[in-house]
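Please open the model and keep the sequence beside it. The paragraphs below go from the overall fold to single residues.

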Amino acid sequence: MSNTNHVTLAAIHRYDLGVIICKSCNEVIATLPTDGYKKFYGLCNSTLCIDKNKEANK
Ligand SMILES: [Zn+2]
């Protein structure tokens, strides 16, 4: 069924199936209790990522 080869996924499957991933550094920012595995992209609080995102939007 689920692919648990991935350490990150294995941890998430405990409770929340939805994950918010930083689109800059791919860190998992938060999890959401969604009814199925869902991926959302956002930005973490790292100034590096925020600055990077600003550059990309120029
Ligand atoms: Zn980040």
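Predicted model: local features only at pLDDT ≥ 70, side-chain atom pairs only at ≥ 80, totals over all residues.

Residues are numbered from 1 along each chain as its sequence is written.

The protein chain contains two helices and three strands. Here helices (H or I, at least four residues) and strands (E, at least two) are DSSP runs, numbered from the N terminus. Along the sequence the elements follow the pattern α-β-β-β-α. The protein chain has 58 residues, of which 0% count as buried. A residue is called buried if 20 or more other C-beta atoms lie within 10 Å of its own, exposed if 12 or fewer, and partly exposed in between, with C-beta atoms placed from the backbone. Among contacts in the protein chain with a separation of 6 or more, 9% are between residues 24 or more positions apart. Two residues are in contact if their C-beta atoms, placed from the backbone, lie within 7 Å.

The three strands form an open sheet with mixed pairing, in the order β2-β1-β3. The edge strands are β2 and β3 (38–42), each of which pairs on one side only. Direction ignored, neighbouring strands of this sheet are turned by 25 degrees against each other on average. Such angles run from 0 to 180 degrees between N-to-C directions, and the axes are lines fitted to C-alpha atoms, for helices over the stretch in contact. Two strands pair if DSSP finds at least two bridges between them.

How do the individual pairings run? β1 and β2 are antiparallel and are joined by four bridges. In this pair, Gly 18 stands opposite Leu 32 of β2. β1 and β3 pair in the parallel sense, over five bridges. In β3, Phe 40 stands opposite Ile 20, and Gly 42 stands opposite Cys 22.

Next comes the loop between β1 (18–22) and β2 (28–32), where Asn 26 is placed. The hairpin of these strands has five residues between them, and within it Asn 26 takes a positive phi near 65 degrees. Most residues other than glycine have a negative phi. Asn 26 has its positive phi although it is not a glycine. Is Asn 26 buried or exposed? Asn 26 is exposed, because 11 other C-beta atoms lie within 10 Å.

Strand β3 is hardly covered, and the count of buried residues among its five residues is zero. Lys 38 counts as exposed because it has 12 C-beta neighbours inside 10 Å. Which residues does Lys 38 touch, not counting those up to four places away in sequence? Lys 38 touches Leu 17 and Gly 18. The C-alpha atoms of Lys 38 and Val 19 are separated by 6.3 Å, and these two residues are 19 residues apart along the chain.

The last stop is helix α2 (residues 47–56), which holds Cys 49. Cys 49 has 19 C-beta neighbours inside 10 Å and therefore counts as partly exposed. Leaving out residues up to four places away in sequence, Cys 49 touches Cys 22, Ser 24, Cys 25, Leu 43 and Cys 44. Cys 49 and Lys 23 are 26 residues apart along the chain, and their C-alpha atoms are separated by 8.5 Å.

Ile 50 is also found in helix α2. Ile 50 counts as partly exposed because it has 13 C-beta neighbours inside 10 Å. The C-alpha atoms of Ile 50 and Ser 24 are separated by 8.4 Å, with the two residues 26 residues apart along the chain.
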